[in-house]
Amino acid sequence: MHAPQTWHHGLVADYWATVNLDAPEVELYRPYLQDPILDAGCGAGRLLAPLRDLGYDVDGCDASADIVERARRRAPDATLWVARLHELAPPRRYATIVVCGVFGLGSTREQDEQAVGRLHDALLPGGTLVLDNEESPWSRYRVRDWSEPSHGDIRLSSRIDAVDDVDRCVHMTLRAETADGRREEHSLTMRAWTQVELVPLLERSGFELVERKPGADERIVVYVASRHGDRRPRPR
């Protein structure tokens, strides 16, 4: 049995910090944002940095110390720390928490359920959770050999090592290579959640007014959920 793994370390962290820079979600999420904001799973600051540039009060956390260090280089004055979502214990509570591209990565299903509870508790009364979820057909995930590497100073390729159809979990290896001969491989587990699982989980955890919105592409659905209370975020 494969243990859950995170993957954004070393050269892979450098890849995300230098190559993965587009942030279409910033404009997509702006109607739901109110300060203060937590970017939970902030990576190298892909969303955090442009949101701060727009004047938002944004903190960030991520499971990888390596990638938090990359985020700190991009936003040196931001409050950043290392934490997995199911262990989230932030220094303050937030009017908005954004979870973009990280739910179900490097965790067990039980940990994902715990994470939703932690996210709820980290919100102010009436606060809003904005969580995206890839809902591609499960049939696309099958064991395969290495993909073609991406282009650039750091080339990234992936291999699917195992697929657990019962737990809907994919076990992968990512390889990062550079022109000067450096190469690293990191394991990744990626767990799929469906609408019929995720909406009840949010509701059981105390969220209400759960809405599904189009994401940054056709594979992504954005769940917008409110924590019960008197304080309601106002669109900016």
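Helix α1 itself covers residues 10-18, and its buried residues are G10, L11, V12, A13 and Y15. Please keep in mind throughout that this is a predicted model.

Stepping back to the whole chain, we have 6 helices and 10 strands. The radius of gyration is 17 Å, close to the 18 Å that the globule rule gives for 236 residues, so the chain is as compact as a globular protein of that length. Along the principal axes, the C-alpha trace spans about 55 × 40 × 30 Å. Of the 236 residues, 51% are buried, and if we take the contacts with a separation of 6 or more, 62% of them are between residues 24 or more positions apart. The chain exposes about 11200 Å², of which carbon and sulfur atoms supply 48%. As for charge, there are 31 positive and 39 negative side chains, and the centres of these two sets lie 2 Å apart.

D35 and P36 are joined by a cis peptide bond, with omega at about -10°, and P36 is found in the loop between α2 (25-29) and β1 (37-40).

Where do we find positive phi values in residues other than glycine? One case is R168, with phi near 55°, placed in the loop between β6 and β7; at 22% relative accessibility, R168 counts as partly exposed. Another is L209, whose phi is also near 55°, but here the residue lies in a strand, β9, residues 207-214. With a relative accessible area of 56%, L209 is exposed.

Finally, is A89 buried or exposed? This alanine is found in the loop between β3 (80-82) and β4 (94-99), and because its relative accessibility is 57%, A89 counts as exposed, the cut-off being over 50%. The C-alpha atoms of A89 and W193, which are 104 residues apart along the chain, are separated by 24 Å.

Technical notes
Residues are numbered from 1 along each chain as its sequence is written. This is a predicted model: local features need pLDDT of at least 70, side-chain atom pairs count only at pLDDT 80 or more; totals for chains, interfaces and linings use all residues. Side-chain values use heavy atoms; hydrogens and water are left out. Helices (H or I, at least four residues) and strands (E, at least two) are DSSP runs, numbered from the N terminus. The radius of gyration is taken over C-alpha atoms; the globule rule is 2.2 Å times the number of residues to the power 0.38. Buried means under 20% relative accessible area, exposed over 50%, partly exposed in between (1.4 Å probe, protein chains only). Contact means heavy atoms within 4.5 Å. Accessible areas come from the Shrake-Rupley method with a 1.4 Å probe; for residues, only the protein chains shown count as cover. Lys and Arg count as positive and Asp and Glu as negative; His and the chain ends are not counted. The place of a charge is taken as NZ of Lys, CZ of Arg, CG of Asp or CD of Glu.
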